[in-house]
There are 2 protein chains.
Amino acid sequence: MRLHQMQDSGNCYKVRLTLAHLGQTAELIEVDILTGPSRTDEFLDRLNLNGRVPVLEVDDSTALPESNAILWFLAEGTRLVPEDKLARARVLQWMFFDQYSHEPYIATVRFWKHILDDAEGFARQIEERTPGGCAALSVMDRHLSQNRFFVGDFTIADIALYAYTHVAGEGGFDLQGYPSVRLWLADVAEQTGHIDMEARSW
Amino acid sequence: MRLHQMQDSGNCYKVRLTLAHLGQTAELIEVDILTGPSRTDEFLDRLNLNGRVPVLEVDDSTALPESNAILWFLAEGTRLVPEDKLARARVLQWMFFDQYSHEPYIATVRFWKHILDDAEGFARQIEERTPGGCAALSVMDRHLSQNRFFVGDFTIADIALYAYTHVAGEGGFDLQGYPSVRLWLADVAEQTGHIDMEARSW
């Protein structure tokens, strides 16, 4: 398999982290979305009409975009996705929460501050998006105050939400006020099979 | 089952549409998110910490939020979710596309213009969000120019994307430029079991 990705993107890290937990590997192909190759016709036609990474090339004729769909594809049938019908829906519940209520705030503010390094140029947008990130962290903290992981045992819901939460500080989000989130972050990082965001092999 | 919902929300309509296709019913409980009851402690604690609708109460002790997770819960194991592993991931791919690349633009602009009826007050936001909606429609049109439905036969991916696309005009999006999307909309509306957004019983 080939993973078209950006090493510093949480959405791409979550795919590597899932692969590592499952003892699987993929060739990593770095795509610099800042300079635009993900918008070439070749990328759009062959890999993802929506022009985003990550994209997992399962084989030469099969390319799967959308980070959380990739996680489901890799992990369905393994210990990282529960078998119970309601628990499966809960895993998806938190993965949709990740993409709708968490990523557009925490990852986006981090992108402007940390990746583009332009907090001044994006000051208005950062001010608009920061409260949504705090709201997402509050929801997580409240849930995690009564649950060790998001759904029963460790699942891809934890992996999906860990990816950008563990670097939320790079977007200026202070995790001191979210003690249950911090305990959960430490717990996830201690799971057997864990790799750091920087790791390119495992 | 009880569905806490807003009749005019596409995210809630997609749950009713899925129920109708599956010959299932639920008691509809109207929640006016504009006046705030979804932010009461009772709603947050018992139904959804994230304070949004739809929420499906499966029974007195089980509440499931996130529209597309509800669709998966209702439809897994039926003809509306394929059995093949890759096809299942593709259904999720388009449902994550719906929540990340489509809803925050098309549904949000429609919300300001049609639900709040305040195009003037939200002029800057509408201008910022409209191009993203057009981009989502282009991706859909390109895919549908070569595929009758999003993934093989009619699935919950079509239901998820139909919900806000069929009222995109209420957000000022002109579908004339997206002929394959228009054919697909007509095709979805002709499926046996279809109900309109206004329907409260089926």
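Predicted model: local features only at pLDDT ≥ 70, side-chain atom pairs only at ≥ 80, totals over all residues.
The side chain of Arg88(A) forms a salt bridge with that of Glu76(B), with a distance of 2.7 Å from N to O. Arg88(A) belongs to helix α4 (residues 85–115) of chain A, whereas Glu76(B) is placed in the loop between α3 (67–75) and α4 (85–115) of chain B, so this pair joins two chains. Glu76(B) is likewise assigned to the buried class, because its relative accessible area is 15%, and the limit is under 20%.

A further salt bridge is found between Arg124(A) and Glu128(B), whose closest N and O atoms are 2.5 Å apart. This pair also crosses between chains: Arg124(A) is in helix α5 (residues 123–144) of chain A, and Glu128(B) is in helix α5 (residues 123–144) of chain B. The relative accessibility of Arg124(A) is 33%, a value that makes this residue partly exposed. Glu128(B), at 41% relative accessibility, is partly exposed as well.

Salt bridges also occur within chain A. Arg148(A) is paired with Asp187(A), and their closest N and O atoms are 2.7 Å apart. The pair links distant parts of the chain, since Arg148(A) is located in the loop between α5 and α6 (156–165) of chain A and Asp187(A) in helix α7 (residues 179–189) of chain A, 39 residues apart. The two partners fall into separate accessibility classes: Arg148(A) is exposed, with a relative accessible area of 53%, while Asp187(A) is buried, with a relative accessible area of 16%. Over all chains, the count of salt bridges comes to 28.

The arrangement of the two chains was examined next.

In chain B, Gln191(B) is situated in the segment after α7 (179–189). A polar atom of the Gln191(B) side chain lies 3.3 Å from the backbone oxygen of Asp187(B). When residues up to four places away in sequence are not counted, Gln191(B) touches His21(B), Arg148(B), Phe149(B) and Phe154(B).

On the surface of chain A, a nonpolar patch is formed by Ile33(A), Leu34(A) and Leu116(A), which together have about 220 Å² of accessible area. Leu34(A), one of the members of this patch, is located in the loop between β2 (27–30) and α2 (41–46) of chain A. Leu34(A) has a relative accessibility of 44% and therefore counts as partly exposed.

Technical notes:
Residues numbered from 1 in each chain as written. Chains lettered and ligands numbered in written order. Heavy atoms only, no water. Patch = residues over 30% accessible without salt bridge, like charges linked within 9 Å, V, L, I, M, F, W, Y side chains within 5 Å. Areas by Shrake-Rupley, 256 points an atom, 1.4 Å probe, with all protein chains shown as cover. Salt bridge = Lys/Arg side-chain N within 4 Å of Asp/Glu carboxyl O. Helix = DSSP H or I, 4+ residues; strand = E, 2+ residues; numbered from the N terminus. Buried < 20%, exposed > 50% of the residue type's maximum accessible area, 1.4 Å probe, protein only. Polar contact = N/O pair within 3.5 Å; in protein donor to acceptor, adjacent residues only side chain to side chain. Contact = heavy atoms within 4.5 Å.
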